[in-house]
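Me: I am new to this structure. Please show me how to read its features, one at a time.

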Amino acid sequence: MTAAPIHIAGERLMLDPEGALWWPARSLMAVADLHLEKGSSLAARGALLPPYDSRATLDRLTPLIRRYRPARLVALGDSFHDRHGAARLGAAEAERLRAIAAVTELVWVLGNHDPAPPAGFPGMAVAEWREGAIAFRHEGGGGTPEICGHHHPKALVPTRGKAVSRPCFVADSRRLMLPAFGAYTGGLDVRDQAIAGLFPRGCRVFLQGRGRLYSFTLAQLRAASPAEA
Amino acid sequence: MFPEHEPKRGTMGDATALPPALAAWFAARGWSPHPHQVAMLEAARAGRSALLIAPTGAGKTLAGFLGSLAALSEDASPRLHTLYVSPLKALASDIARNLTAPIAGMGLAVTVETRTGDTGAEARRRQRAKPPHILLTTPESLSVLLSLPDSFAMFAGLEAIVVDEIHALAGTKRGDQLALCLSRLASLAPRARRVGLSATVPHRAPLIAYLSAMGRADAGDVSVIEAPEGAEPSLGVMLPEGPLPWSGHMGLLATPDIYRLIREAGTSIVFVNTRAQAELVFQALWRLNDDGLAIALHHGSLAREQRERVEQAMAEGRLKAVVATSSLDLGIDWGDVDLVIQVGAPKGVSRLMQRIGRANHRWNEASRAVLVPANRFEVLECRAALDGVAAHDLDGDPPPPGGLDVLAQHVLGMACAAPFLVDELYAEVTRAAPYAALSRQDFDDVVRYVADGGYALSAYERHRRLFRDSEGRHHAASEAVMRRHRMNIGTIVEAPLLKVRLGRGFGGLQLGEIEEYFVSMLNPGDTFLFAGRVLRFDRLRETIVECSPAQGQDPKVPAYAGGRLPLTTYLADRVRAMLETPERWSDLPDSVAEWLRLQRSRSRLPGRNNLLVETFPRGGKWFLVAYCFEGRNAHQTLGMLLTRRMERAGFGPLGFVATDYVVAVWSAHQPLRVAELFGEEMLGDDLEEWMAESSMLRRTFRTVAVIAGLIDRHVPGAEKNRRQITINTDLVYDVLRKHEPDHVLLRATRADAARGLVDVGRVAGLLARAKGRVVHMALSRVSPLAVPVLLEVGRESVRSGEGEEALLAEAEEAALIAEALGEAEPAPPPPRVHPVHRANARRDARPAAHSPGTQGRVTLRSLRGRRQAELPLDE
């Protein structure tokens with residue numbers, strides 16, 4: 001497992017290939033857009049997706065908690081897919097979430113999908129979290145330096161064989177956007193104005209790979225000539 | 001009129017069998033019915049189902065309707081008498097036009113209407129309240145009709161069902177869907193006889209079973225009627241001038257000769273194998289077109305209006321030639337095409353026959369066709385295909401069992417029509433041939449999936465789509481469920497498409513549709529070839545690709561997914577037989593025969609019953625070339641599996657490339673014990689592991705998920721909010737594989753993987769055949785037969801064992817180097833990067849990661865610097 005260090009506002013932050021942020025100096029871990037219970041939320045609208053998405057998301061989160069043992073876990077909003085998501089969480093999954101809360105302080109930054117704190121779970125609910133000089137928000141675009149989520153960034157890299165699309169981190173020296181951590185979360189291309197507009201002076205993207213990240217500048221993704229697919 | 005029906009006076013047949021109105025009509029034209037048409041009429045009068053096997057131009061359509069017209073001439077009381085189902089909307093409309101004239105000529109009061117996706121809401125309502133005598137439709141529209149509660153009343157009096165181009169439907173998902181519909185119709189209208197109209201086919205029994213009300217070929221309820229074969233086609237192979245190319249598939253070298261053929265013929269169809277090839281050949285022909293010949297383009301991505309304009313111009317004889325893909329393999333008849341040119345190898349005998357049949361739709365005149373191979377292997381393939389045509393020896397696999405995804409869609413449709421009992425529905429479904437062998441377990445699993453998703457963790461009690469009443473009947477849960485279902489009926493699942501528009505806004509001219517992934521690789525200003533024009537990509541707005549005309553630039557060619565059909569097993573067998581028999585090389589061009597002789601002296605020739613594998617060093621690498629002849633798809637799968645095994649054996653595979661004929665793998669070390677690499681156990685864990693991450697499996701799963709209704713194509717009123725609704729099926733696939741590997745949708749995905757893009761079935765066949773018969777030639781240099789595939793290296797998509805990860809690493813490395821050399825625009829204020837800690841960098845220097853220290857990367861364990869204590873968390 002190889003994490004990439006970056007610097008934002010003079011602070012050294014680690015990007016974990018699993019899609020989490022680790023800030024060693026503050027013992028703080030952050031993840032964005034867990035979208036727990038998205039499956040059951042869509043089922044209510046008729047799409048009976050496999051009801052294992054919350055379990056799959058927690059399966060990935062737990063080892064990270066085990067590895068870093070953060071003093072604080074900041075969930076950057078849209079932690080539940082809708083405001084009743086927390087109530088639908090299965091007993092086993094709820095138990096695991098409480099186990100995480102028992103070893104680390106949970107901070108629920110509220111998002112557009114979950115405007116209220118999850119009922120029945122420990123942790124602090126805030127509109128925005130501040131750690132040192134850095135603000136942790138769901139949606140980016142407030143003052144910098146900031147760490148945000150919301151857009152589910154992904155990037156498409158033209159390679160020799162085909163174009164490969166993966167979720168990614170997006171960063172410049174003032175702002176970092178995290179990929180969505182949840183199991184059923186799709187993504188928005190980083191070249192979309194909603195994301196690229198937040199990085200007017202260019203940015204670097206870090207694509208999630210198996211055990212490592214792949215890094216490109218946005219300019220490179222734009223300039224690279226697509227291979228014949 | 002029936003353009004295909006022009007028998008001359010004095011043709012055999014007994015006009016006295018006809019009812020007076022029909023007899024008078026035939027007599028007035030000086031025609032008499034063909035014997036097979038009379039036989040069809042007799043079967044109809046006896047109330048028997050019939051399969052008509054006839055070549056093009058034998059009056060097939062009239063034969064199919066004769067029984068219905070005869071009955072309706074005697075009793076024209078208002079009722080839905082005959083249902084006609086065609087795979088093509090255009091064909092249904094064409095038949096409607098062609099039926100109207102003779103019905104008027106016979107003075108019959110018979111009404112004919114079409115019901116397709118294009119039929120307006122008002123016409124639909126009217127058709128349900130007051131159906132025509134003859135209704136022409138498609139499998140999708142029929143499914144919609146059968147999901148409505150009034151289907152019981154609508155079809156109760158049905159007497160005949162005509163299935164056109166039945167050979168093109170059986171064995172496909174649309175065919176599965178139609179078979180289920182036929183079975184339902186048999187329950188609604190037990191008296192209705194079935195008529196199947198088919199081209200000549202290699203396997204008859206599956207078609208007989210398909211038409212049988214019992215779903216069995218041996219049920220004895222279907223008469224088989226054959227029309228005599230038409231005139232032998234006149235066929236030739238045309239080689240480009242100069243030396244024969246060693247590789248390449250586009251056949252552009254031959255365009256001057258193709259142009260000459262077009263100029264000399266009346267009207268030609270130039271068939272090619274892919275849409276990209278169609279664009280290139282079309283462009284190349286127009287570059288030569290000093291005579292200003294009317295040459296048009298036709299392929300599946302063009303806008304419907306544009307395709308219809310081309311078809312119309314063709315029908316009216318205004319075109320000199322049309323360059324087409326399989327979009328014209330089926331379809332309406334054009335009497336006046338007198339030459340078919342096949343550019344590139346035909347890939348199968350049946351497919352070639354079908355294409356040749358598009359010329360001269362007159363039964364007693366010879367079709368004329370010219371094959372234009374693009375490279376040496378294709379010369380062999382063309383020769384083998386011609387032999388196959390001459391021997392009337394068709395290829396084609398027997399149809400596979402029906403898909404469980406299609407069944408799921410049907411089950412919900414049946415619940416929308418009326419509550420059902422599972423025992424009754426199971427009995428009905430197994431009377432459809434594709435589902436004759438369906439186990440009760442699979443059926444019950446499908447019903448459970450439809451009801452609540454069928455997950456072991458039954459989380460969706462509140463969101464059930466079906467519920468059971470106290471008598472055990474399954475009901476559709478709500479109006480919303482039914483509405484949703486009807487909006488999503490169908491088994492054709494396209495890759496996400498975007499509309500290509502010339503000019504801005506809604507005033508622009510719509511040219512067609514293009515796959516989303518291709519557009520996502522374009523940047524504003526890039527040029528590409530589409531619809532025969534060079535276009536400049538301006539911008540993407542919602543789902544519209546806005547373009548402007550571009551000139552004088554080398555365009556990027558659109559690349560489409562899945563455009564190529566693999567070589568058929570049968571044709572491959574013929575190619576192998578030809579290679580094995582030097583006496584037959586005299587039929588081949590000298591340069592090809594010489595090439596084979598050279599191969600025989602330097603190595604060996606692949607045999608019919610063995611598997612030749614060559615290994616040789618070249619350019620500091622080792623190459624392994626296996627002459628499997630199993631088609632591109634199977635070779636891709638085999639390549640993935642071989643590289644995995646070679647990795648484990650320590651040979652250090654670096655990449656592979658697959659063609660229709662061979663698979664070539666290159667590696668860092670010499671491959672040894674080669675026969676062991678091809679052991680059948682390859683299909684065990686290796687296959688399972690690969691399936692977990694294969695993008696083709698993911699694509700297959702997406703199709704299954706959409707057909708089975710897990711993911712909606714259309715959500716009522718939600719078209720605008722695409723991002724909210726779109727669910728990434730890849731992520732669903734991962735989760736389902738992990739938590740419920742035996743789920744019915746994964747079973748359906750694996751069944752599909754046995755053929756099609758993954759083609760595991762053919763890999764399995766190859767490994768079984770090769771057992772104990774691998775002939776390994778350890779050579780000191782490249783063999784003559786291996787040259788073509790080596791030339792493909794770098795041109796074809798190459799995938800190494802690690803797949804996407806390796807490709808990403810390589811792209812990252814290239815980007816880094818470009819950045820260092822100042823080729824790419826450097827990122828404006830790059831984020832500060834932490835310098836690599838020496839010790840950590842050394843520890844991290846894994847041999848597999850061949851990107852030399854991109855940004856400082858540090859292992860996490862060393863960062864934390866302390867061992868993790870146990871957490872009270874379960875894994």
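**Reading the model**

Reply: Start with helix α11 (residues 255–264) of chain B, where T255(B), D257(B), I258(B), Y259(B), L261(B) and I262(B) are buried. Buried means under 20% relative accessible area, exposed over 50%, and partly exposed in between (1.4 Å probe, protein chains only). Helices (H or I, at least four residues) and strands (E, at least two) are DSSP runs, numbered from the N terminus. This is a predicted model: local features need pLDDT of at least 70, side-chain atom pairs count only at pLDDT 80 or more, and totals for chains, interfaces and linings use all residues. Residues are numbered from 1 along each chain as its sequence is written, chains are lettered from A and ligands numbered from 1 in the order in which they are written, and side-chain values use heavy atoms, with hydrogens and water left out.

Me: What covers the buried residues of α11(B)?

Reply: First the general idea. An α-helix has 3.6 residues a turn, so residues three or four places apart point the same way. Now the case here. The cover of the buried residues of α11(B) includes β9 (268–271), α12 (275–288), β10 (295–298), β11, β12 (339–343) and β13 (368–372) of chain B. Contact means heavy atoms within 4.5 Å.

Me: How do I read a strand? Which residues of β6(B) point one way, and which the other?

Reply: In a regular strand the side chains alternate between the two faces of the sheet. In β6(B), R193(B), V195(B) and L197(B) point one way. R194(B), G196(B) and S198(B) point the other way, and all are buried. Strand β6 (residues 193–198) of chain B is largely enclosed by the rest of the structure, because six of its six residues are buried.

Me: Which strands pair with β6(B)?

Reply: Two strands pair if DSSP finds at least two bridges between them. Strand β1 (residues 49–53) of chain B runs parallel to β6(B), with four bridges joining them. Strand β5 (residues 160–163) of chain B also pairs with β6(B) in the parallel sense, over four bridges. Look at V195(B). A50(B) stands opposite V195(B), and V195(B) is also the bridge partner of V162(B).

Me: How does β15(A) run relative to β16(A), parallel or antiparallel?

Reply: Antiparallel: five bridges join strand β15 (residues 204–208) of chain A to β16(A). F206(A) stands opposite S215(A). Strand β16 (residues 213–217) of chain A has five of its five residues buried. L213(A), S215(A) and T217(A) lie on one side, Y214(A) and F216(A) on the other.

Me: Which residues other than glycine have a positive phi?

Reply: Most residues other than glycine have a negative phi, and most peptide bonds are trans. R69(A) is one case, with phi near 45°. R69(A) is in the loop between α2 (53–68) and β5 (72–75) of chain A. R69(A) counts as partly exposed because its relative accessibility is 34%. D78(A) is another case, with phi near 50°. D78(A) sits in the loop between β5 and α3 (85–88) of chain A. At 2% relative accessibility, D78(A) counts as buried.

Me: Where is there a cis peptide bond?

Reply: A cis bond joins T144(A) and P145(A), with omega about 0°. P145(A) is in the loop between β9 (134–136) and β10 (146–148) of chain A.

Me: What does D452(B) touch?

Reply: D452(B) is in helix α18 (residues 440–452) of chain B. D452(B) counts as buried because its relative accessibility is 8%. D452(B) touches L48(A), Y460(B) and R464(B), not counting residues up to four places away in sequence. The side chain of D452(B) also reaches the backbone nitrogen of G454(B) at 2.9 Å.

Me: How do I read a loop residue such as G317(B)?

Reply: G317(B) is in the loop between α13 (304–315) and β11 (321–324) of chain B. G317(B) is partly exposed, with a relative accessible area of 45%. G317(B) and V337(B) are 20 residues apart in sequence and 8.8 Å apart in space, C-alpha to C-alpha.

Note on methods:
A polar contact is a pair of N or O atoms within 3.5 Å; within protein, one must be able to donate a hydrogen and the other to accept it, and residues adjacent in sequence count only if both atoms are side-chain atoms.
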